[in-house]
Amino acid sequence: MSVASLCGPTCDAPLFVHVLGATLLFGALLTVTTLGFASVRIVQHGPMLRRLAFTTMLAVVWPSYILMRVGAQWVLSHEGLDKNTPGWVGVGFLVSDVGIVVLLVLTLLGWLGLRRPRVGTWFTGLAGIYLVALGVAVFAMSAKP
Amino acid sequence: MSRYDWLLFLHVTGAFLLIGGSVTAAVLNLSALRRERPSEIALLLGLTRVAVFAIYGGVLLTIVFGLWLVNASPFGYGYGDAWVIAALVLWVYSNAAGGMGGKREDETRKLAERLAAAGDTPSAELRSRLRDPVTLALEYSSGLAILVILVLMIWKPGA
(Lines give C-alpha, C1' and ligand atoms only; values in the text may rest on other atoms or scores of the structure.)
Protein backbone atom coordinates (compact mmCIF):
# COMPACT_ATOMS: atom_id res chain seq x y z
CA MET A 1 0.00 0.00 0.00
CA SER A 2 1.49 3.34 -0.99
CA VAL A 3 0.98 6.80 0.42
CA ALA A 4 -0.80 7.66 -2.81
CA SER A 5 -3.21 4.77 -2.34
CA LEU A 6 -3.97 5.87 1.21
CA CYS A 7 -4.52 9.41 0.08
CA GLY A 8 -7.19 9.71 -2.58
CA PRO A 9 -7.07 12.21 -5.42
CA THR A 10 -8.03 15.05 -3.07
CA CYS A 11 -5.12 14.33 -0.73
CA ASP A 12 -2.51 15.79 -3.08
CA ALA A 13 -2.02 19.19 -1.42
CA PRO A 14 -1.64 17.88 2.17
CA LEU A 15 0.73 15.13 0.98
CA PHE A 16 2.78 17.62 -1.05
CA VAL A 17 3.15 19.95 1.96
CA HIS A 18 4.21 17.00 4.16
CA VAL A 19 6.72 15.50 1.70
CA LEU A 20 8.15 18.91 0.75
CA GLY A 21 8.65 19.79 4.42
CA ALA A 22 10.21 16.40 5.19
CA THR A 23 12.69 16.55 2.28
CA LEU A 24 13.64 20.14 3.13
CA LEU A 25 14.10 19.14 6.78
CA PHE A 26 16.36 16.26 5.75
CA GLY A 27 18.46 18.62 3.61
CA ALA A 28 18.59 21.28 6.33
CA LEU A 29 19.78 18.74 8.90
CA LEU A 30 22.35 17.39 6.45
CA THR A 31 23.58 20.98 6.10
CA VAL A 32 23.91 21.68 9.83
CA THR A 33 25.57 18.28 10.39
CA THR A 34 28.08 19.03 7.61
CA LEU A 35 28.76 22.53 8.97
CA GLY A 36 29.06 21.22 12.54
CA PHE A 37 31.48 18.49 11.51
CA ALA A 38 33.55 20.97 9.50
CA SER A 39 33.62 23.43 12.42
CA VAL A 40 35.17 20.72 14.61
CA ARG A 41 37.71 19.71 11.98
CA ILE A 42 38.67 23.12 10.54
CA VAL A 43 39.36 25.15 13.67
CA GLN A 44 40.43 28.43 12.01
CA HIS A 45 37.01 28.76 10.32
CA GLY A 46 35.10 27.31 13.30
CA PRO A 47 33.35 30.54 14.39
CA MET A 48 32.05 31.25 10.86
CA LEU A 49 30.86 27.66 10.38
CA ARG A 50 29.12 27.52 13.79
CA ARG A 51 27.39 30.84 13.12
CA LEU A 52 26.22 29.53 9.76
CA ALA A 53 24.97 26.29 11.33
CA PHE A 54 22.99 28.27 13.92
CA THR A 55 21.54 30.55 11.23
CA THR A 56 20.55 27.49 9.18
CA MET A 57 18.80 26.04 12.25
CA LEU A 58 16.66 29.15 12.57
CA ALA A 59 16.12 29.95 8.91
CA VAL A 60 15.76 26.50 7.31
CA VAL A 61 15.43 23.66 9.87
CA TRP A 62 12.56 25.10 11.91
CA PRO A 63 10.43 26.32 8.96
CA SER A 64 10.93 22.91 7.25
CA TYR A 65 9.93 21.09 10.44
CA ILE A 66 6.76 23.17 10.77
CA LEU A 67 5.89 22.54 7.10
CA MET A 68 6.44 18.77 7.55
CA ARG A 69 4.44 18.58 10.79
CA VAL A 70 1.51 20.70 9.54
CA GLY A 71 1.39 18.56 6.38
CA ALA A 72 1.44 15.36 8.46
CA GLN A 73 -1.51 16.49 10.58
CA TRP A 74 -3.36 17.62 7.47
CA VAL A 75 -2.92 14.20 5.81
CA LEU A 76 -3.90 12.45 9.05
CA SER A 77 -7.16 14.32 9.55
CA HIS A 78 -7.95 14.29 5.82
CA GLU A 79 -7.71 10.49 5.68
CA GLY A 80 -9.24 9.84 9.11
CA LEU A 81 -6.03 8.14 10.27
CA ASP A 82 -6.15 10.10 13.53
CA LYS A 83 -9.04 7.85 14.64
CA ASN A 84 -7.37 4.55 13.73
CA THR A 85 -3.62 5.16 13.68
CA PRO A 86 -1.49 2.45 11.99
CA GLY A 87 1.90 1.50 13.49
CA TRP A 88 3.97 3.16 10.78
CA VAL A 89 2.22 6.46 11.48
CA GLY A 90 3.24 5.98 15.14
CA VAL A 91 6.91 5.79 14.09
CA GLY A 92 6.50 9.05 12.18
CA PHE A 93 4.82 10.67 15.18
CA LEU A 94 7.60 9.49 17.49
CA VAL A 95 10.37 10.87 15.28
CA SER A 96 8.56 14.15 14.60
CA ASP A 97 7.27 14.85 18.11
CA VAL A 98 10.50 13.86 19.89
CA GLY A 99 12.08 15.94 17.13
CA ILE A 100 10.70 19.14 18.69
CA VAL A 101 12.76 18.47 21.82
CA VAL A 102 15.81 17.48 19.75
CA LEU A 103 15.53 20.61 17.61
CA LEU A 104 15.12 22.80 20.70
CA VAL A 105 18.26 21.26 22.23
CA LEU A 106 20.08 21.62 18.89
CA THR A 107 19.10 25.29 18.68
CA LEU A 108 20.33 25.84 22.24
CA LEU A 109 23.59 24.00 21.52
CA GLY A 110 24.00 25.98 18.29
CA TRP A 111 23.57 29.23 20.20
CA LEU A 112 25.95 28.14 22.97
CA GLY A 113 28.43 27.01 20.33
CA LEU A 114 28.78 30.61 19.13
CA ARG A 115 30.66 31.29 22.38
CA ARG A 116 31.91 27.84 23.42
CA PRO A 117 33.53 25.92 20.55
CA ARG A 118 33.59 22.62 22.48
CA VAL A 119 29.78 22.50 22.36
CA GLY A 120 30.14 22.05 18.59
CA THR A 121 30.91 18.35 19.02
CA TRP A 122 27.63 17.74 20.88
CA PHE A 123 25.77 19.79 18.30
CA THR A 124 27.21 17.76 15.42
CA GLY A 125 26.59 14.42 17.17
CA LEU A 126 22.98 15.20 18.00
CA ALA A 127 22.28 16.57 14.51
CA GLY A 128 23.74 13.37 13.02
CA ILE A 129 21.63 11.15 15.27
CA TYR A 130 18.45 13.01 14.34
CA LEU A 131 19.38 12.72 10.66
CA VAL A 132 19.50 8.92 11.11
CA ALA A 133 16.15 9.03 12.97
CA LEU A 134 14.67 10.88 10.00
CA GLY A 135 15.96 8.06 7.79
CA VAL A 136 14.07 5.57 9.96
CA ALA A 137 10.92 7.69 9.62
CA VAL A 138 11.36 7.77 5.84
CA PHE A 139 11.50 3.95 5.88
CA ALA A 140 8.37 3.72 8.05
CA MET A 141 6.44 6.28 5.97
CA SER A 142 7.31 4.85 2.57
CA ALA A 143 7.58 1.07 3.17
CA LYS A 144 4.92 0.93 5.90
CA PRO A 145 6.24 -2.30 7.44
CA MET B 1 6.43 -6.05 2.96
CA SER B 2 5.81 -6.55 -0.73
CA ARG B 3 8.28 -5.94 -3.53
CA TYR B 4 6.34 -2.78 -4.39
CA ASP B 5 6.83 -1.46 -0.81
CA TRP B 6 10.60 -2.02 -1.06
CA LEU B 7 10.78 -0.33 -4.44
CA LEU B 8 8.78 2.63 -3.13
CA PHE B 9 11.05 2.93 -0.09
CA LEU B 10 14.22 2.95 -2.23
CA HIS B 11 12.67 5.44 -4.68
CA VAL B 12 11.55 7.76 -1.86
CA THR B 13 14.99 7.46 -0.20
CA GLY B 14 16.48 8.60 -3.51
CA ALA B 15 14.10 11.57 -3.58
CA PHE B 16 15.17 12.55 -0.05
CA LEU B 17 18.85 12.32 -0.99
CA LEU B 18 18.30 14.29 -4.20
CA ILE B 19 16.22 17.10 -2.66
CA GLY B 20 18.17 17.06 0.62
CA GLY B 21 21.49 17.29 -1.21
CA SER B 22 20.14 20.13 -3.35
CA VAL B 23 19.06 22.02 -0.20
CA THR B 24 22.55 21.60 1.29
CA ALA B 25 24.22 22.78 -1.92
CA ALA B 26 21.86 25.78 -2.11
CA VAL B 27 22.50 26.84 1.52
CA LEU B 28 26.29 26.55 1.10
CA ASN B 29 26.25 28.42 -2.24
CA LEU B 30 24.10 31.23 -0.87
CA SER B 31 26.39 31.47 2.16
CA ALA B 32 29.45 31.68 -0.12
CA LEU B 33 27.77 34.53 -2.02
CA ARG B 34 27.65 36.57 1.20
CA ARG B 35 31.36 36.09 1.97
CA GLU B 36 34.34 38.20 0.90
CA ARG B 37 37.40 36.24 2.08
CA PRO B 38 38.54 33.72 -0.56
CA SER B 39 39.47 31.11 2.09
CA GLU B 40 35.89 31.14 3.47
CA ILE B 41 34.40 30.98 -0.01
CA ALA B 42 36.70 28.07 -0.96
CA LEU B 43 35.73 26.22 2.22
CA LEU B 44 31.98 26.64 1.73
CA LEU B 45 32.12 25.67 -1.95
CA GLY B 46 34.34 22.70 -1.01
CA LEU B 47 31.76 21.49 1.52
CA THR B 48 29.21 21.17 -1.29
CA ARG B 49 30.99 17.86 -2.11
CA VAL B 50 28.92 16.31 0.69
CA ALA B 51 25.80 17.53 -1.10
CA VAL B 52 27.10 16.24 -4.43
CA PHE B 53 27.49 12.71 -2.98
CA ALA B 54 23.89 12.83 -1.72
CA ILE B 55 22.70 14.15 -5.08
CA TYR B 56 24.53 11.41 -7.02
CA GLY B 57 22.99 8.75 -4.77
CA GLY B 58 19.57 10.33 -5.16
CA VAL B 59 19.87 10.62 -8.94
CA LEU B 60 20.70 6.91 -9.22
CA LEU B 61 18.04 5.67 -6.81
CA THR B 62 15.23 7.83 -8.20
CA ILE B 63 15.74 6.79 -11.83
CA VAL B 64 16.41 3.07 -11.27
CA PHE B 65 13.64 2.43 -8.76
CA GLY B 66 11.32 5.03 -10.29
CA LEU B 67 11.31 3.21 -13.64
CA TRP B 68 10.99 -0.14 -11.87
CA LEU B 69 8.04 1.20 -9.85
CA VAL B 70 6.15 2.23 -12.98
CA ASN B 71 6.44 -1.36 -14.20
CA ALA B 72 5.62 -2.96 -10.83
CA SER B 73 2.84 -0.59 -9.84
CA PRO B 74 -0.59 -2.12 -9.19
CA PHE B 75 -2.22 1.19 -10.22
CA GLY B 76 -1.81 0.74 -13.98
CA TYR B 77 0.88 3.34 -14.58
CA GLY B 78 2.75 3.18 -17.89
CA TYR B 79 5.94 4.58 -19.41
CA GLY B 80 3.79 6.49 -21.92
CA ASP B 81 1.89 8.44 -19.23
CA ALA B 82 2.35 12.18 -19.63
CA TRP B 83 3.44 12.70 -16.01
CA VAL B 84 6.10 9.95 -16.32
CA ILE B 85 7.49 11.41 -19.57
CA ALA B 86 7.47 14.94 -18.15
CA ALA B 87 9.28 13.76 -15.01
CA LEU B 88 11.93 11.97 -17.09
CA VAL B 89 12.53 15.04 -19.29
CA LEU B 90 12.85 17.24 -16.19
CA TRP B 91 15.14 14.67 -14.52
CA VAL B 92 17.49 14.77 -17.54
CA TYR B 93 17.36 18.59 -17.64
CA SER B 94 17.97 18.87 -13.91
CA ASN B 95 21.04 16.62 -14.11
CA ALA B 96 22.46 18.39 -17.16
CA ALA B 97 21.92 21.90 -15.77
CA GLY B 98 23.09 20.95 -12.27
CA GLY B 99 26.18 19.23 -13.70
CA MET B 100 27.13 22.22 -15.87
CA GLY B 101 26.49 24.67 -13.03
CA GLY B 102 28.51 22.53 -10.64
CA LYS B 103 31.44 22.36 -13.07
CA ARG B 104 31.49 26.14 -13.42
CA GLU B 105 31.29 26.52 -9.65
CA ASP B 106 34.20 24.14 -9.20
CA GLU B 107 36.30 26.53 -11.29
CA THR B 108 35.22 29.34 -8.94
CA ARG B 109 36.28 27.23 -5.95
CA LYS B 110 39.71 26.64 -7.51
CA LEU B 111 40.09 30.40 -8.07
CA ALA B 112 39.10 31.02 -4.43
CA GLU B 113 41.73 28.50 -3.28
CA ARG B 114 44.44 30.22 -5.36
CA LEU B 115 43.46 33.63 -3.97
CA ALA B 116 43.39 32.25 -0.42
CA ALA B 117 46.95 30.96 -0.84
CA ALA B 118 48.06 34.31 -2.24
CA GLY B 119 47.10 36.57 0.67
CA ASP B 120 43.40 35.83 1.19
CA THR B 121 42.27 39.33 0.24
CA PRO B 122 38.83 40.03 -1.30
CA SER B 123 38.82 39.93 -5.08
CA ALA B 124 36.51 41.58 -7.60
CA GLU B 125 37.06 38.71 -10.03
CA LEU B 126 36.00 36.13 -7.45
CA ARG B 127 32.95 38.20 -6.50
CA SER B 128 31.98 38.42 -10.15
CA ARG B 129 32.47 34.68 -10.71
CA LEU B 130 30.31 33.87 -7.68
CA ARG B 131 27.49 36.00 -9.09
CA ASP B 132 27.86 34.73 -12.65
CA PRO B 133 24.27 34.79 -13.99
CA VAL B 134 24.75 31.73 -16.23
CA THR B 135 25.98 29.58 -13.32
CA LEU B 136 23.21 30.80 -11.04
CA ALA B 137 20.56 30.26 -13.74
CA LEU B 138 21.78 26.69 -14.35
CA GLU B 139 21.78 25.84 -10.65
CA TYR B 140 18.47 27.49 -9.75
CA SER B 141 16.68 26.06 -12.79
CA SER B 142 18.01 22.60 -11.87
CA GLY B 143 16.53 22.98 -8.38
CA LEU B 144 13.25 24.24 -9.80
CA ALA B 145 13.06 21.21 -12.13
CA ILE B 146 13.46 18.89 -9.12
CA LEU B 147 10.63 20.71 -7.34
CA VAL B 148 8.37 20.31 -10.39
CA ILE B 149 9.24 16.59 -10.50
CA LEU B 150 8.06 16.33 -6.87
CA VAL B 151 4.79 18.03 -7.85
CA LEU B 152 4.35 15.54 -10.71
CA MET B 153 5.10 12.57 -8.42
CA ILE B 154 2.43 13.67 -5.93
CA TRP B 155 -0.33 14.88 -8.27
CA LYS B 156 0.35 12.49 -11.18
CA PRO B 157 -1.73 14.55 -13.64
CA GLY B 158 -3.59 12.37 -16.11
CA ALA B 159 -3.07 9.14 -14.14
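Reader: How do the residues lining the largest pocket divide into nonpolar, polar and charged?

Author: In this predicted model, the lining of the largest pocket is made up of 18 nonpolar, eleven polar and six charged residues.

Reader: And how much space lies in that pocket?

Author: The space in the largest pocket comes to about 990 Å³. There are 35 lining residues, and those closest to the centre of the pocket are S22(B), A25(B), I55(B), G98(B) and S142(B).

Reader: Which helices supply at least two residues each to the lining of the largest pocket?

Author: From chain A there is α2 (12-41), and from chain B there are α1 (3-33), α2 (38-72), α3 (82-117) and α5 (133-155), each of which supplies at least two residues of that lining.

Reader: What about cavities, how many of 30 Å³ or more turn up in the whole structure?

Author: The search of the whole structure finds five cavities of 30 Å³ or more.

Reader: Take the second largest cavity: how much space lies in it, and which residues line it?

Author: About 70 Å³ of space lies in the second largest cavity, and its lining consists of L35(A), G36(A), S39(A), R50(A), A53(A), L109(A), G110(A), G113(A), G120(A) and F123(A). By class, that lining holds four nonpolar residues, five polar residues and one charged residue.

Reader: Which elements does that lining come from?

Author: Chain A provides α2, α3 (46-79), α4 (87-113) and α5 (119-143), each giving at least two residues to the lining of the second largest cavity.

Reader: Switching to the interface, how much area do chain A and chain B bury between them?

Author: Chain A and chain B bury about 2900 Å² between them, with 81% of that area on carbon and sulfur atoms. On the side of chain A, the residues that lose the most area to chain B are F16(A), T23(A) and M48(A), which together account for 18% of what that side buries.

Reader: How many residues does each chain bring to the contact?

Author: Chain A brings 35 residues and chain B brings 34 residues.

Reader: How many salt bridges and polar contacts are there between the chains?

Author: The count of salt bridges between chain A and chain B is zero, while two residue pairs are found in polar contact across the interface, both at pLDDT 80 or more.

Reader: Which elements of chain A give two or more residues to the side that touches chain B, and which gives the most?

Author: The elements giving two or more residues are α1 (3-6), α2, α3 and α5 of chain A, and α2(A) gives the most, with 17 residues. That side of chain A divides into 24 nonpolar, nine polar and two charged residues.

Definitions and conventions:
Residues numbered from 1 in each chain as written. Chains lettered and ligands numbered in written order. Predicted model: local features only at pLDDT ≥ 70, side-chain atom pairs only at ≥ 80, totals over all residues. Heavy atoms only, no water. 1 Å grid on protein atoms, 1.4 Å probe; cavity = no way out; pocket = protein on both sides within 12 Å on 5 of 7 lines; lining within 4 Å. Points joined across faces, edges and corners; volume = space filled by probe spheres on them. Helix = DSSP H or I, 4+ residues; strand = E, 2+ residues; numbered from the N terminus. Nonpolar A, V, L, I, M, F, W, Y, C, P; charged D, E, K, R; others polar. Contact = heavy atoms within 4.5 Å. Buried area = accessible area lost by both parts, 1.4 Å probe. Salt bridge = Lys/Arg side-chain N within 4 Å of Asp/Glu carboxyl O. Polar contact = N/O pair within 3.5 Å; in protein donor to acceptor, adjacent residues only side chain to side chain.
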